[in-house]
Amino acid sequence: MKTFRPKIPGFIIGMKIVIVNMFKTLSPFHSNPNVNYPFEKEKVAPRARGVIALDQEACTSCMLCARQCPDWCIYIEGHKELQPPSTPGGRQRSRAVLDRFDIDYALCMYCGICVEVCPFDALFWSPEYEYSEFNMGDMLHNKARLDEWLKTVPEPEGLEN
Amino acid sequence: MTDVLIKVGFVALAALNGAVIFTIMDVKGASWMQRRPGPLHVGLRGFIFPLAEILKFVQKEDIIPTDVDRPVFKWAPAYVVVSAVSLFAVVPLSPTLVVVDLELGVFFALAISSLSTIGVLTAGWSSANKYSLMGGLRAAGQLIAYELPLILAVVGVVIQAETMSLVGIVEKQIEWGVPFAFSGQIVAFLIFMIAATAEMMRVPFDMPIGESELTMGFMTEYSGIRFLIFYISEYMSMFVLCAVASTLFLGGYHLPFIPTEWVNIYGPISLITKTLILGFILVAVRWSFPRFREDQLQNLAWKFLIPASLLNILITAVLKVVL
């Protein structure tokens, strides 16, 4: 036989939760979940998707990232230069030089496909997030700026054993 | 003449101050209930932010669209604010500290509080905007539906107190020793509070404003100082209706165990404390309830609140005759 248990109306439970939360906010004994943002900064997880950094040396301007980008916010231009032959009399090898690598963060939706698709490990996620601008055009980060973000990329965690 | 002007100024200032205090309580209380600090940077840990808000609205441009019915559109906020302010004229702060102690105080209060319906309906009608029109019609339907339980709930009090003057009702409660909310009129008190929440169009009864479906309901086309008047008068009517509720049901200016000679000192404090407690309950209700659907809203008024208040009148009248 089922024991009869009177059902507390939902709105009383709701009111109780609301008022208990108010006293939790006001009491100094409960941890404060808020970060007073411009004055104190949040500690972001190292794998957070803040901004995409570019390692210029590793990039071969293969255009895979630009093609995979759903927003088409990556602009790549490059040309080929002939290198002097490694042995005298040998054939001159061509080498890809990156002229332009821009990411338009006004368009970017932070999906991370470009980082995943890069076969040469030239793109990285950095947890930095403070790069808002007054002018929308300034959201286009050029090669030099993307290279600077590389300094903020955290060391990768070791592989799981 | 001068004393009339002083009284008018007092009522307007008191209602405005009440509205500002209720704004602070609503915004700060809401943020605390959601574990946020709320507005924090405008002086005194953000506690004077309504002043900044008023300044912001005053310096904004007052846009009037070309297609609107200009005089109606311009005067619509006035009805709402007048109904909220003049309601405060009959609320007694003590037996003598009352702007005007009308013989038919309850009647005046209920009549003047239904004036806001006209303001809301004309605001919606004159805006030349379908969202405004929908909001205005919903507001008219809701205000008319909830006017009835509001009045019928008060009738129970009037029967028990045998008078319609608000001072007389408080004196009767002093005579009874227990406020009416705890001596027979508890159902009327609950019905009054529900209907009053609907009258001031707050969550969960904010179907006319319903920002997710009607942008801002009847206020959609308003901006600048006219929007501010609508915004302030919502809090004004909240303050004033809570004051009326605490006068009718919670003993008003009376405090037990304190000699009644000092009523001019503790009366206003007592009334305002009771008003603030009722307002706090409204804020807590606002943040724990979702909005009612239109048909649920009408069903609640016509199928539940009105029969319950009629039953309450019947029982009160029978008990009045029998006892």
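Biologist: Where does Ser132(B) lie?
Modeller: Ser132(B) is in helix α6 of chain B. Helices here are DSSP runs of H or I with at least four residues, strands are E runs of at least two, and both are numbered from the N terminus. Bear in mind that this is a predicted model, where local features need pLDDT of at least 70, side-chain atom pairs count only at pLDDT 80 or more, and totals for chains, interfaces and linings use all residues. Residues are numbered from 1 along each chain as its sequence is written, chains are lettered from A and ligands numbered from 1 in the order in which they are written, and side-chain values use heavy atoms, with hydrogens and water left out.

Biologist: OK. Is Ser132(B) buried or exposed?
Modeller: Its relative accessible area is 0%, so Ser132(B) counts as buried. The cut-offs are under 20% for buried, over 50% for exposed and partly exposed in between, with a 1.4 Å probe and protein chains only.

Biologist: What is Ser132(B) in contact with?
Modeller: Apart from neighbours within four places in sequence, Ser132(B) contacts Gly124(B), Ser127(B), Gly217(B), Phe218(B), Thr220(B) and Glu221(B). Contact means heavy atoms within 4.5 Å.

Biologist: Switching to α8(B). How many of its residues are buried?
Modeller: Ten of the 14, so to speak a mostly covered helix. Among the buried ones are Phe189(B), Ile191(B), Phe192(B) and Met193(B). The buried residues pack against α4 (105-113), α6 (130-161), α10 (224-249), α11 (263-286) and α12 (294-322) of chain B.

Biologist: And what span should α8(B) have?
Modeller: With 14 residues (186-199) at 1.5 Å a residue, helix α8 of chain B should span 20 Å, and its end C-alpha atoms are 20 Å apart, which agrees. The expected span is 1.5 Å times one less than the number of residues.

Biologist: What follows α8(B)?
Modeller: Met201(B), with a positive phi near 55°. Most residues other than glycine have a negative phi.

Biologist: Which residues of chain A have a positive phi without being glycine?
Modeller: Ser61(A), at about 45°, and Trp72(A), at about 55°, are among them. Ser61(A) is in the loop between β1 (51-54) and α2 (64-68) of chain A, and Trp72(A) is in the loop between α2 and β2 (74-82). Ser61(A) is buried at 18% relative accessible area, whereas Trp72(A) is exposed at 62%.

Biologist: Next, the interface. How many residues of chain B are in contact with chain A?
Modeller: 14 residues of chain B, against 16 residues of chain A. The buried area is about 1,300 Å², and carbon and sulfur atoms give 73% of that. Buried area is the accessible area (1.4 Å probe) that two parts lose on being put together, summed over both.

Biologist: Which residues of chain B lose the most area to chain A?
Modeller: Trp32(B), Met33(B) and Arg35(B), together 51% of what that side buries.
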